[in-house]
Amino acid sequence: MSIRTRFAPSPTGYLHVGGARTALFNWLLARRHGGSFILRIEDTDEARNTPEALDAIFGGLRWLGLDWDEGPEVEGAHGPYFQSQRRDLYDAWFDQLVALGRVYEDSGAWRFRFERKPLTVHDLVCGEVTIDYRDESNTPDMVIKRSDGSYVFHFVNVVDDLEMEVTHVIRGEDHLMNTPKHLQLIEAFGRRPPQYAHIPLILNPDGSKMSKRDAGAAVGDYPRQGFLPQAVVNYLALLGWSSKSDEEIFGIDELVHRFSLEGVNRAPARFDLEKCKWMNQQHAMRMDVAAFTAAARPFVEAAGLPVPERFEAFAAAVQTKVRLLDEVPAALDFLLRDAIVADPQAVAKVRGLDAVPLLCGPLVGAFDAVAPWSAQAAKEAMAATAAAAGLKPGALMLPLRVALSGKTQGPDLADILELLGKDRCVQRLRDFATAVTTS
């Protein structure tokens with residue numbers, strides 16, 4: 001039988017990273033074995049459902065690259081894929097329980113009659129978990145149909161999994177204690193249960209439960225902050241799963257190839273936003289320049305910076321220097337604008353250096369005489385200027401960087417010289433001379 005997994009979110013808020021990781025693990029298992037990944041929307045809570053939340057689910061999954069084989073906007077043989085549209089199916093399955101004598105009415109609601117015996121869950125991550133149903137005081141019969149006629153989660157969840165022929169249910173371990181109830185229902189229907197795998201919860205770095213207000217919780221924030229989807233997928237995959245190697249940076253194809261439920265850890269995973277940013281930088285560094293340029297351009301345009309024809313060369317200069325795409329505008333600002341505002345601390349750091357007088361006089365003339373201009377020719381002029389003053393070329397590098405960029409860090413000096421061009425380099429040296437002599 002082909003593997004069939006599902007992700008069944010409720011459209012009552014944004015897509016949480018915990019839900020996204022659950023979707024990812026289900027997607028990876030299905031892709032690993034050539035199976036099907038189903039998206040099912042649990043939208044029976046009409047009071048809390050919102051179109052915005054539904055859009056957040058669809059948009060978040062698509063941004064992460066987690067396409068579904070069956071579900072909304074794709075459809076398939078086991079639809080409809082919104083629980084609100086499946087009432088007739090639920091009624092038919094409920095009637096089966098009535099015919100079997102497994103339900104009874106209680107104050108207008110309907111309860112499912114448990115079999116009074118121990119029941120063991122054979123979980124692919126957590127191992128064997130047994131619930132003893134012989135003590136009715138601890139395990140009262142379960143309401144499956146409310147007095148208003150609506151069905152509870154446990155019932156519709158089981159029916160949907162059976163109807164959609166789900167073979168593997170991968171979900172958070174907070175659902176582990178629900179599973180014996182589900183197995184009792186499945187036994188009553190005389191059906192074979194799916195295999196269950198309850199994955200560890202995601203915690204904050206301090207060990208507290210990750211809430212919707214915590215940094216990094218909402219998947220929808222990641223694109224706006226300049227994260228790359230492949231980096232976020234990589235990071236989420238390693239929250240609770242191990243590749244059994246020292247490697248940490250994986251493309252999606254490699255994750256599909258390596259993923260297995262045997263690699264899922266039992267212990268809770270701790271979310272580290274700084275580690276996620278680091279991983280984003282690793283992926284950005286590995287992109288080809290054209291792809292990085294295309295990803296960075298919208299952020300530069302949104303910042304109101306001019307985008308030159310040679311923008312790819314400008315983007316390439318900072319590709320290894322930024323962690324997030326939203327850092328690109330600040331990293332390129334001094335290259336894309338004619339005038340700069342120097343960091344006072346950077347100017348103060350170099351003001352007293354022996355090389356500064358050379359920048360304010362001889363180097364201006366040396367740069368002005370370079371023809372044709374190139375980074376190599378400019379560096380040769382800088383070396384000759386330093387040698388004439390009895391200094392090594394390295395003595396000029398930091399003050400020259402500050403003079404040209406207003407910062408102590410940034411792109412390679414050669415890139416700065418090349419991208420600024422002769423006229424702007426000469427003008428900024430003159431501006432720097434004024435700044436250090438008047439401040």
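The following legends describe close-up views of a predicted model.

In this predicted model, local features are described where pLDDT is at least 70 and side-chain atom pairs count only at pLDDT 80 or more, while totals for chains, interfaces and linings use all residues. Residues are numbered from 1 along each chain as its sequence is written, and side-chain values use heavy atoms, with hydrogens and water left out.

**View 1. The largest nonpolar core and another core apart from it**. A nonpolar core is a set of buried Ala, Val, Leu, Ile, Met, Phe, Trp, Tyr and Cys residues joined through side-chain atoms within 4.5 Å. Buried means under 20% relative accessible area, exposed over 50%, and partly exposed in between (1.4 Å probe, protein chains only). The largest such core holds 85 residues, and those with the most contacts inside it are Leu24, Leu61, Leu97, Phe112, Ile144 and Phe155. Helix H1 (residues 17-32) contributes the most to this core, with 9 residues; helices (H or I, at least four residues) and strands (E, at least two) are DSSP runs numbered from the N terminus. In soluble globular proteins, nonpolar side chains tend to be buried together.

**View 2. Surroundings of leucine 24**. Contact means heavy atoms within 4.5 Å. Leaving aside residues up to four places away in sequence, leucine 24 touches Leu66, Val233, Leu236 and Ala237.

**View 3. Helix H3 and its buried face**. Helix H3 (residues 87-100) has 14 residues and reaches 20 Å from its first C-alpha to its last, close to the 20 Å expected at 1.5 Å a residue. The expected span is 1.5 Å times one less than the number of residues. Tyr90, Trp93, Phe94 and Leu97 of H3 are buried. Seen down the axis of H3, these buried residues fall within an arc of 105°, so they line one face of the helix; the arc is that of the directions from the helix axis to the C-beta atoms. Exposed residues Asp88 and Ala99 are carried on the face turned away from the buried side of H3. The cover over the buried residues of H3 includes strands S3 (103-106), S4 (109-112) and S7 (142-145), together with helices H4 (153-163) and H5 (179-189). Just after H3, glycine 101 takes a positive phi of about 70°.

View 4. Helix H16 (residues 375-388) has buried residues at Ala375, Ala378, Ala381, Met382, Thr385 and Ala386. Just after H16, glycine 390 has a positive phi of about 75°.

**View 5. Aromatic rings**. Rings of Phe, Tyr and Trp (its six-membered ring) pair if their centres lie within 6.5 Å; planes under 30 degrees apart count as stacked, over 60 as edge-to-face and the rest as tilted. The whole structure contains 13 aromatic pairs. In one of them, phenylalanine 114 and tyrosine 133 have ring centres 4.7 Å apart and planes at 50°, so the pair is tilted. This pair links distant parts of the chain, 19 residues apart: phenylalanine 114 lies in the loop between S4 and strand S5 (118-123), and tyrosine 133 in the loop between strand S6 (127-132) and S7. Both residues, phenylalanine 114 and tyrosine 133, are buried. Tyr90, Phe94, Trp110, Tyr151 and Phe155 form one aromatic cluster. Lysine 145 lies over the face of phenylalanine 94, at 4.5 Å from the ring centre; a charge sits over a ring if NZ of Lys or CZ of Arg is within 6 Å of the ring centre and within 35 degrees of the ring normal.

**View 6. The loop between H2 and H3**. Proline 80 is found in the loop between helix H2 (51-64) and H3, and the peptide bond from glycine 79 to proline 80 is cis, with omega near 0°. Glutamate 75, in this loop, has a positive phi of about 65° although it is not a glycine. Most residues other than glycine have a negative phi, and most peptide bonds are trans. Glutamate 75 is partly exposed, with a relative accessible area of 42%. Arginine 86 also has its place in the loop between H2 and H3 and, at 1% relative accessibility, counts as buried. Not counting residues up to four places away in sequence, arginine 86 touches His78, Gly79, Pro80, Asp160, Glu163 and Met164.
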